[in-house]
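Hi there,

Here is the structure I promised to pass on.

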Amino acid sequence: LSAQSENRTYQGWYEFSYYTDIYCDGDVVDVLWWDAKVHYVVHFKNDEAVWHMEKLKGTATGSTGENFKYKEKDYYLNDDIVYIQYNAKGDEGNHYIGTMLIDISGGWGNEVFTPLRTKCK
């Protein structure tokens, strides 16, 4: 008899509130506090998660009170590292686009943000 692998993909929705540091030229220039609807997809093979992706969409408020439309894609590279792509467009003209790694090994609330690429207008 040959072994059969069990492959399954789960998806769903939840709402989430959190914050994202915004970097320009390596410095934090803003902190966005956002409320988003999140669509997640997790694929399992032989009862082990092999990939996990989330898409977030919502609104954010910057540290100066500017309001943003916020989109983000999160790719869980492993249990501790999340690669994110974000796009935040403000109603006062600021526009932040970027990618970063977030180390969550210390738990939520103790993350380490590492900006990779940013574009700030």
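This is a predicted model: local features need pLDDT of at least 70, side-chain atom pairs count only at pLDDT 80 or more; totals for chains, interfaces and linings use all residues.

E72 belongs to strand β4, which covers residues 67–76. Is E72 buried or exposed? E72 is buried, and yet it has no salt bridge. The nearest side chain of opposite charge is that of K73, 12 Å away, whereas a salt bridge would need a side-chain nitrogen of Lys or Arg within 4 Å of a carboxyl oxygen.

And what does E72 touch, leaving out residues up to four places away in sequence? The list is T20, W34, E54, K55, L56, I84, Q85 and Y86.

Strand β1 (residues 7–24) pairs with strand β2 (residues 27–45) in the antiparallel sense, over 18 bridges. Within this pairing, E15 stands opposite K37 of β2. Two residues lie between the strands of this hairpin, and D25 takes a positive phi near 55° there.

On to the next pairing: β2 also runs antiparallel to strand β3 (residues 48–61), and 13 bridges join them. A36 has G58 in β3 as its bridge partner. β2 and β3 form a hairpin as well, with two residues between them, and N46 in the turn has a positive phi of about 50°.

Best wishes

Methods:
Residues are numbered from 1 along each chain as its sequence is written. Side-chain values use heavy atoms; hydrogens and water are left out. Two strands pair if DSSP finds at least two bridges between them. Helices (H or I, at least four residues) and strands (E, at least two) are DSSP runs, numbered from the N terminus. Buried means under 20% relative accessible area, exposed over 50%, partly exposed in between (1.4 Å probe, protein chains only). Lys and Arg count as positive and Asp and Glu as negative; His and the chain ends are not counted. Contact means heavy atoms within 4.5 Å.
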